Structure formats: structure tokens, C-alpha cells
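Open the model in your viewer and keep the selection panel at hand. This tour goes stop by stop: what to select, then what is there.

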Amino acid sequence: MSCLFESIMLADVKIKNRFVHAATHEAMAADDGSITDDIVRRYTRLAKGDVGLIIPGHLYVHPLGRAHNRQSGIHTDAMIPGLKKLADAVHAHGGTIGFQLAHGGRQSPRRILGQAPLAPSSRGRDPVSLNKPVSMDEHQILESIEAFAAAAKRAHQAGADAVQIHAAHGYLINEFLSPYFNHRKDSWGGSEAGRFRFLEAIVTRVQKAVPDGVPVLVKLNTNDFTPRNGITPDLAATYAKWLVELGVAAIEVSCGTYYGFQTIRGDIPGAELVRALPAWMRPVARLKMKMQGPANRFKEAYNLDAALTIRPVMKGVPLILVGGMRRLSQMEKTVSRGVADMISMSRPFIREPSLVRRFSEGKATEAACISCNRCFAAMFNTIPVRCYQKGRPQNG
Ligand SMILES: Cc1cc2nc3c(=O)[nH]c(=O)nc-3n(C[C@H](O)[C@H](O)[C@H](O)COP(=O)(O)O)c2cc1C
């Protein structure tokens, strides 16, 4: 039997195989952030398809952390019934579900928040919204940490098997970790340990908010690809070492911020993407995307080198690898050689919710996804996520 179909323990929770559905914002929530039947159907399909651990799209923990319209929230107790319905549906089909807790930081646009976005520092503007953030004061920092803890408690009440703290992709926690975004001179910045303090406080509070044995995972950027000074694999290894010392149950290794498309390498459907922007921004945005093309070309397993840098500090804590995992043989090699313990995918599951089952039944040896990124462009336009690859219907 392939090592990919062996179970694995994350803290006290048994995951039936090594496949993770990487968090994927669906653009399907109700206006108030609650879970809709469309979202429940999406994850029911994935549970039926035998995905070991399902992580739905990032859930905002605080109204000022909302990054998109039609994003699901976990910011109030009113969200719990919908989240419970989602967890129950996954469980009913033998699946395991982890909720990703997130705060958009300076990438949450003013048009959604009704005010300037929050960030560790006010320097610069977000490259997509062009909004200028405000620097968080001590009270706002502590309030955000508590929002993560309250969200973790709600996740557990709703029946989640695990929680994942979103510390990647340029959102608030990533911003605190990154010397590019964090210019603070107080104890929340100034050094690697200072920049780590926000995540450290969140991990510690989240661990206390859920019972012992509930896995607390972190999705970590290993490469920010910001114009300068961002997180590199070496800095990420330092952070990973500290996370392991804090007792996190697993680390998912990712990369990229709103400065580029490295998170989702592949084609850049410029015409579709710019439609989401005000008309005056489109020509420049289109040009910027064209220039991004070569640096964002698809490459299989594009976070593998970063995973190799981080692996030695993991001390047996599972490493989850995401980003361009497409061929079964590559996944098997990655796990059997001990580079990663679990394989995480987003876009392949949009196209083929039953991909894991197809692998196990010998009906597929690689994902059909061609990383055209039309799913991402749809999400960016607040159109529900599904496979919009031209001329190819979605596989069941
Ligand atoms: C439409 C879309 C939505 C995404 N939403 C999230 C999200 O909510 N949280 C997150 O951590 N990553 C998100 N991602 C990134 C994926 O989790 C994953 O890291 C990335 O797509 C690379 O994996 P892949 O090559 O298997 O698609 C999203 C990606 C796509 C395409």
C-alpha cells in the first residue's frame, strides 16, 4: 500500500491518510459570514472523496480581519450553528475537518471594512487595494489575539477536529512576522523574537482555548517574495523551531503575499482578475500582472526546497507541504523520503473533489488541474469557486 494511504496522528486526532484539502476561500458565504448550503455541499463532496483532513477557506476572527466579500466568519457565536452543520456533514462521510482562523491585516480592503485596514506598521500601501493601513496600538493587538482564542473556542464548539492558524500569504500574522511589513520598535517588533511575539501569543492562547489533544496547526510563509526584506526559508526555519517548541501539532509550508502570485503559481488570467478592480486601476494592474508572468510560472512542488530547509528543526512534528503537488509519484517520493508527512492541495480538489479516491482506486496518477487560475480569478470577483478551465467540465 502506498505510504500516502497510511494514517497519521495530529496530536490526539487520527487522520486516515496523508491528503489535506488546503484552505480555499470559496466566495460562497452569506453576507453576514455564515456558512451556506453551497459550502456544506462542497465539503461533503470532498469528504466523500476520502480527503484525510479538510480545511475550508479562511474564517475571519474579527470584523476588521475580513479580507473578502462572501468570506465565512467565526467572529461571533452566531456563526457556530452553520459551522457545526459543516463539521457534521464532513463527519457523516468519515472525514476530519480543521477550521483555518485568519485576520486579513492590511490586505483587508477599506471598501469591506469601512475604515483603514490594520497592520503592524503603517508604512506603504497594499499593492492590490492601494489602501494605506494604520499601525495597531497595544489594545488592538491584544484584542486580535483574544479574537483568535475566541474563534478557536467556537471552532471546537462547532465540532472541528483541529484548528489552523493562518500565518501565511501576507495576512496579519504574516505581517507581524515579516521584516518587510513590521517596522515596530516596541516589543511586537524590532528583532526576530519581537516579530514572532504576536504569533507566539496567538498559539499559546489558542492552545488554551481548546481541550488538550486538539491539534493546533500553523500555516507558515517560508518565502514572502516581497520587494525586499521578507521572510526567507532560513527565517521561516527559525520561526518553525520556535513553533515546535510551543507544541504546535503540524506546520503547513507555504509562500507568497499580495505582491505576486507565488502562492498560486501558474497562469495569470489578467483580463478576469482586473475586472474585480475599479476601472481606473485596471490598465496599470494589467501591466503589473503581465510583468509578473515569468516569476510566477508553474513549477511542480514549488515549496519543496523551503520544506527541506525547515525539516531539520521539526523534530518529528508533521510537516504539511502545499503548492503545486500534482503527480502521485512525486507525492509518494516526498512522503516516503520524509521531506513531508502530508500533502496538501487546493486547486486540484476544485477540479476533482474525488481525486484521492481516484488515486486509491488506480483511476488517476496525477491531478487534472492545469493551474490556469480561473478558479482564483472567480473568487477574486466574488464568484463561487469551482473549476472554470475553458472547455473542460468539472470531474465529479
Ligand atoms: C481560490 C483559492 C482560494 C484560496 N484561499 C485560501 C485560504 O482561504 N487560505 C489559505 O491559507 N490559502 C488559500 N489559498 C491557497 C491554497 O491553500 C494553496 O496554498 C495554494 O493554492 C497552492 O496549492 P495548490 O497548488 O494545490 O493550489 C487559496 C487558493 C485558491 C486557488
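Is threonine 382 buried, partly exposed or exposed? Threonine 382 counts as partly exposed, because it has 13 C-beta neighbours inside 10 Å. The cut-offs: a residue is buried if 20 or more other C-beta atoms lie within 10 Å of its own, exposed if 12 or fewer, and partly exposed in between, with C-beta atoms placed from the backbone.

**Ground rules**

This is a predicted model: local features need pLDDT of at least 70, side-chain atom pairs count only at pLDDT 80 or more, and totals for chains, interfaces and linings use all residues. Residues are numbered from 1 along each chain as its sequence is written.

**Whole chain**

Select everything and colour by secondary structure. The protein has 14 helices and 13 strands. Both are DSSP runs numbered from the N terminus: helices are H or I with at least four residues, strands are E with at least two. The radius of gyration is 19 Å, close to the 21 Å that the globule rule gives for 396 residues, so the protein is as compact as a globular protein of that length. That radius is taken over C-alpha atoms, and the rule is 2.2 Å times the number of residues to the power 0.38. Along the principal axes, the C-alpha atoms fill a box of roughly 55 × 50 × 40 Å.

Of the 396 residues, 54% count as buried. Now look at contacts, meaning pairs whose C-beta atoms, placed from the backbone, lie within 7 Å. Among contacts between residues at least 6 apart in sequence, 71% join residues at least 24 apart.

Go back to threonine 382. Its place is in the segment after helix H14 (374-380). Most residues other than glycine have a negative phi.

Next, select phenylalanine 225. Look in the loop between strand E10 (216-221) and helix H7 (233-246). Phenylalanine 225 also has a positive phi, about 55°, and is not a glycine. This residue is buried, with 20 other C-beta atoms within 10 Å.

**Ligand shell**

Centre on the ligand. How many residues surround the ligand? The shell has 26, and the closest are Ala22, Ala23, His58, Ser346 and Arg347.

Show helices H12 (347-351) and H14: each supplies at least two shell residues. H14 gives the largest share, three residues. By class, the shell has twelve nonpolar, twelve polar and two charged residues. Here Ala, Val, Leu, Ile, Met, Phe, Trp, Tyr, Cys and Pro count as nonpolar, Asp, Glu, Lys and Arg as charged, and the others, Gly among them, as polar.

Select residues 96-102, strand E6. Seven of its seven residues are buried. Thr96, Gly98, Gln100 and Ala102 point one way, and Ile97, Phe99 and Leu101 the other. In a regular strand the side chains alternate between the two faces of the sheet.

- Strand E4 (residues 53-54) pairs with E6 in the parallel sense over two bridges. Isoleucine 54 stands opposite isoleucine 97.
- Strand E5 (residues 59-60) runs parallel to E6, joined by two bridges. Tyrosine 60 has alanine 102 as its bridge partner.
- Strand E9 (residues 162-167) runs parallel to E6, joined by four bridges. Phenylalanine 99 stands opposite valine 163, and glycine 98 has alanine 162 as bridge partner.

**On to E9**

Six of the six residues of E9 are buried. Ala162, Gln164 and His166 point one way from E9; Val163, Ile165 and Ala167 point the other way. Now bring in E10, which pairs with E9 in the parallel sense over five bridges. Glutamine 164 stands opposite leucine 217 there.

**Last stop: the core**

Select Leu101, Phe148, Val163, Ile165, Val206 and Ile343. Of the 125 residues in the largest nonpolar core, these touch the most other members. Helix H4 (residues 138-157) gives the most to this core, nine residues. Such a core is a set of buried Ala, Val, Leu, Ile, Met, Phe, Trp, Tyr and Cys residues joined through C-beta atoms within 7 Å.

Zoom in on valine 206. Not counting residues up to four places away in sequence, valine 206 touches Phe148, Ala149, Ala152, Val163, Ile165 and Val216.

Technical notes. Two residues are in contact if their C-beta atoms, placed from the backbone, lie within 7 Å. A residue is near a molecule or strand if its C-beta atom, placed from the backbone, lies within 6 Å of it. Two strands pair if DSSP finds at least two bridges between them.
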